[in-house]
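Keep the structure open beside you as you read.

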Amino acid sequence: MNPRKSLKVRILLFLGGLTTVMLAVVFVSVLLRWRALILNTHRERALAVAQTFSTSLLDAIIYQENRQMRDAEFLANHIHRFLSRNPYIKNLVLYDEQGVPIFCSRWDDSLPSGDTPLRPQIKGPVARIYRSRSLGWIIETTLLLRIHNRQWGWLRMAFDAEPAREQMRVLFCLFYGLGFCFVLILLAATYLIVDRLTRSLRHLVAEMGRLDLERIEPSPLTPGEDEVGMLVQNFEMLKSRLAQSRRQLLDAQRQLYQAEKLASIGRLAAGVAHEINNPLHGLKSCLFAMRHQRGQSEDMGKYLSLADEAVERISGVVEKLLNFSRQGAQERSEMNLNETIEKALALFEYRVDKAKVSLVKQLDPSLPTIYADPQLIGQVVMNMLINSYDSMPDGGEIRISTSRGDSEHVYMVISDTGSGIAEEHLDKIFDPFFTTKAEGKGTGLGLSVSLGIVEAHGGSIQVSSQVGVGSTFRVTLPIGGKQ
C-alpha cells in the first residue's frame, strides 16, 4: 500500500487543510476588525486634539484681530508653543477664510501649495490616513474654524501614524504566532486521534495480509463495540467460516477420492469374482466326486480334504469380493441400531467365549430409530467387532456403546484394549486390501467395506488409536438417512 494514499494521510490532509482554511478566515476577520478599531481610535483621538486646539486657536485669532495686530507673530508663537508640547504632530497649516495658508509649520507634498485654496465643500471635521512621501504614514485632520455664522478659516493637522502602525504590526505578529501554534497543536492532536482510530485498521490489514488458508489461527486483535471492532469481529467470523469450509472441502475431496477408489476396486473385484466363481464351482464338484469315489487310499482322502478346505477358503474370499462390489445395493427402512448391535453380538459371542475377551455394552435405550439398511449396518458392526477381537490375541476388553449426538445424528463407539494401530498406518486402514494381520488371517476388506457402507448412508467413521493401549472407532449415522 502506498503510504501517501493511506487513510490516515488523507484524513490528516483533509482535516488539516479544512482547519487551516477555517482558522485563516477567522483570524483574518478578527485582524481586520481589530485594525479598524485601532485606526478609528487614533483617528478620533486626532480629531479630538484638533478640535481642542481649534478652540484656543480661534481665541488667539479673535484676540489678535481685536487688538488690530498686523504682525502675525502672536498667532505663530501660540501655534509653536502648542507644537512643542505635542511632538507627534508632524505638520500644522492654518488657512484664512479665503483658503490662503497664513501659517505652515512645514511645507511638504502632503499639503497643498500656499496659493492653493481649500475646497469650500469641506464643512465638517475630516480625518484620513495615507502615506506621504516626505512625512510617511500620517493621520490628517481638517477642521472648519467657525463661530456662529462667521467662518474664520481652516485648520489642517498631520499626526504621526507610526504608533498606530506599530500597534497593528504587534497585533498581526501576535495573531500569526497564535494561529501558527494553534494549527500545529490542532494538527498534532488530529494526528494522534487519527493514528489511534486507524491503528486497529492497520493491524487488521496486516492480519489479512498474513492470512494463510493452510493454517488459520485466531488473531490477537481485540474486537470492540465501534465500527472497527465490528469489522474485526466479522473478520474473525470469516476466518472461522473459511476454516470450516476448508475442512469440509478436504473431507469431501477425501470421500470423493475414497469413493472413486472403492468403485474402481469394486468393479475389478466383481469381474475377478465372476471369472473365478465359475471354474471354482467346477473344481468343487470334481473334489466332491473324487472324495466319494470308492477304493481311495488313505493319503488320497487326506489330500482331497486339504484341497476342499483350500477351495472353501477361496470361495470365502470371492464372496467378500462380491459383497464389496455390491455396496451400492441398499434396502433402507426404519431400524433400531441397538437391536442390530444385539444381533451382531449374538453371532459374535461364540468367539468371545473361546478367548479371554470380555464384552461391555452401554446402549442408550432412548436411541431413536434411523433410516438405513439393517443388513449392511449389521455387517459394519460385525467387521468392527472382528477387528477388535483380532487385535487382542491374549485377551482384553471390547466396549460398545450408542448415544444420541444431536437432533440429526446417532453415535456408535467400539473400543478395545488391543495392540493398537501405528500412527503411520492410520491413513491406510480404510484402503482396500490393506491389513496388518498375519497372512491368511485377513483380506484387508473389512474396514473398507464398512467405511463404504457408512458413507453411503451419509455417515462417517473416526478412529483414534495408540500402540499398546487400544483403538476406538466412532461411527456417526444420520437419523433420517442420507439426504
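**Notes on the model**

1. The side chains of Glu 236 and Lys 239 form a salt bridge, with an N to O distance of 3.8 Å; the term asks for a side-chain nitrogen of Lys or Arg within 4 Å of a carboxyl oxygen of Asp or Glu. Both residues belong to helix α4 (residues 227-291), and because they are three residues apart, about one helical turn separates them. Helices here are DSSP runs of H or I with at least four residues, strands are runs of E with at least two, and both are numbered from the N terminus. Lys 239 counts as buried because its relative accessibility is 3%, while Glu 236, at 23%, counts as partly exposed. For these words, buried is under 20% relative accessible area, exposed is over 50%, and partly exposed lies in between (1.4 Å probe, protein chains only).

2. A word on the source before going further. This is a predicted model, in which local features need pLDDT of at least 70 and side-chain atom pairs count only at pLDDT 80 or more, whereas totals for chains, interfaces and linings use all residues. Residues are numbered from 1 along each chain as its sequence is written, and side-chain values use heavy atoms, with hydrogens and water left out.

3. Now the overall picture. The protein has eight helices and twelve strands, and 35% of its 483 residues count as buried. Take the contacts (heavy atoms within 4.5 Å) between residues at least 6 apart in sequence: 65% of them join residues at least 24 apart.

4. How many salt bridges does the structure hold? There are eight. One of them pairs Arg 128 with Glu 140, whose closest N and O atoms are 3.2 Å apart. Arg 128 sits in strand β3 (residues 126-132) and Glu 140 in strand β4 (residues 136-147), so this pair ties together parts twelve residues apart in sequence. Is Glu 140 buried or exposed? Glu 140 is buried, at a relative accessible area of 2%, whereas Arg 128 is partly exposed at 40%.

5. Another salt bridge links Glu 166 and Arg 169, with 2.2 Å between the closest N and O atoms. Both residues lie in helix α3 (residues 162-209), three residues apart, about one turn of the helix. Glu 166 is partly exposed at 40% relative accessible area, and Arg 169 is partly exposed at 37%.

6. The largest nonpolar core has 39 residues, and Leu 337, Met 384, Leu 385, Ile 461 and Phe 473 touch the most other members. A core of this kind is a set of buried Ala, Val, Leu, Ile, Met, Phe, Trp, Tyr and Cys residues joined through side-chain atoms within 4.5 Å. Which helix gives the most to this core? That is α7, with eight residues. Leu 385 contacts Ala 344, Leu 345, Phe 348, Ile 398 and Ile 414, leaving aside neighbours within four places in sequence. A second, separate core of 25 residues includes Phe 82, Ile 89, Leu 92 and Trp 152.

7. Strands β11 (residues 460-466) and β12 (residues 470-478) run antiparallel and are joined by seven bridges; two strands pair if DSSP finds at least two bridges between them. Val 463 stands opposite Phe 473 in β12. Three residues lie between the strands of this hairpin, where Gly 468 takes a positive phi near 85 degrees.

8. Not counting residues up to four places away in sequence, Ser 415 touches Glu 397, Ile 398, Arg 399, Ser 471 and Thr 472.

9. Finally, the surface. Phe 14, Leu 15, Leu 18 and Met 22 make a nonpolar patch of about 390 Å². Patches are made of residues with over 30% relative accessible area and no salt bridge, with like charges joined within 9 Å and nonpolar side chains (Val, Leu, Ile, Met, Phe, Trp, Tyr) within 5 Å. Leu 18 is found in helix α1 (residues 7-66) and is partly exposed, at 40% relative accessibility.

Notes:
Areas by Shrake-Rupley, 256 points an atom, 1.4 Å probe, with all protein chains shown as cover.
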